[in-house]
Amino acid sequence: MNKYAEALHLVREKEPLVQCITNFVTVNDCANIILAAGGSPSMAHDVREAAEAARNARALVCNMGAIEDAPSMILAGKEMNKLGRPVVLDPVAAGGTSLRREVAAELLKEVKFSSIRGNASEIRYLAGQQTAGSGVDVSALDKITEENLKEAAEMVRALAERTGSVIAVSGKLDLVSDGKETAVLRNGCATMARITGSGCMLTSMIGAFCGAMPEDCFTATVAAMSVMGISGEVAEARRIKNGTGNATFRTDLIDAVFNMTEEQLVEGMQYEIL
Ligand SMILES: Nc1ncnc2c1ncn2[C@@H]1O[C@H](COP(=O)(O)OP(=O)(O)O)[C@@H](O)[C@H]1O
Ligand SMILES: Cc1ncsc1CCOP(=O)(O)O
Ligand SMILES: [Mg+2]
């Protein structure tokens, strides 16, 4: 079986429990997209139970949109590291404020992440580049384009090598690297950036895929990013056909993940190893 199809198959077969410590803006969408993919979400985030709750899970997602929950992320992250289970980071607005810069550094020091997924401003900040990002959305100056693809791929590869994590940057072009292999993915559509939560949902889904395929978080991350991108294309076709807007798009995006088949994934993936 194609390894990306296998990753989707394993999510549905294993129904991994994914512990998400995530923000109040998009928490419901994150839970629903994990369910759509085939996993089982738990959003427990209180510092008094975070480590114990994580112990029951196959993967942990730490989303820095919940900056106030950083102590829970560290306790739960260390617990999952001890158990050898995947921990996924979404560095929401990592370079945006001094608090976020401090928390990002502390998380990277205290917890070993299997996979880190952010937009280009967030990942460029973690890589030590000067960035123009200040909020949760990517800055136009930081975006990855066909023109700067080579430089961006090297930035992502070097960060993966330095952290020992799979690094994933999302946008019009997605890049994923484990430090050895670097892939560019060309699925998705611009409407995905017109809803809040497409990034948080994607990171949550990476958690489900890594939980189902912990021995190969690179393949799991590429598969989850491709499922998300193809689902965006399906939802966009419906939006254009029906003349709907971003609210319906968000629902159609989750529906498309729910209905994604292994064949659709293999046929729809626009994937290239650089
Ligand atoms: N212009 C675009 N074209 C295609 N896909 C996009 C575009 N912008 C965002 N996406 C997709 O939307 C999802 C969320 O990515 P992104 O918007 O970068 O995250 P965030 O919401 O964290 O900033 C990813 O699957 C990404 O590939
Ligand atoms: C708007 C906002 N503010 C704090 S977290 C958050 C959600 C960000 O979600 P995404 O990065 O997936 O658009
Ligand atoms: Mg984001």
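I count Ala, Val, Leu, Ile, Met, Phe, Trp, Tyr, Cys and Pro as nonpolar, Asp, Glu, Lys and Arg as charged, and the others, Gly among them, as polar. I am working on a predicted model, where local features need pLDDT of at least 70, side-chain atom pairs count only at pLDDT 80 or more, and totals for chains, interfaces and linings use all residues. Residues are numbered from 1 along each chain as its sequence is written, while chains are lettered from A and ligands numbered from 1 in the order in which they are written.

**Ligand 1.** I took a residue as near a ligand if its C-beta atom, placed from the backbone, lies within 6 Å of it. I found 18 residues around ligand 1, the closest being N119, S170, G188, M192 and G199. Two or more shell residues come from each of α8 and α9 (217-242); helices (H or I, at least four residues) and strands (E, at least two) are DSSP runs, numbered from the N terminus. The shell holds seven nonpolar, eight polar and three charged residues.

**Ligand 2.** Its surroundings include N23, V25, T26, G197 and C200. I sorted this shell into four nonpolar, seven polar and no charged residues.

**UniProt sites.** The unreviewed UniProt entry puts "binding site" at M43 and G197. Positions follow the numbering used here, feature names are shortened, and annotations may be inferred rather than shown by experiment.

**G197.** I located G197 in the loop between β8 (182-185) and α8 (198-212). G197 counts as buried because it has 22 C-beta neighbours inside 10 Å (buried is 20 or more, exposed 12 or fewer, partly exposed in between; C-beta atoms are placed from the backbone).

**M43.** M43 sits in the loop between β2 (40-42) and α3 (50-55). M43 has 19 such neighbours inside 10 Å, so it is partly exposed.
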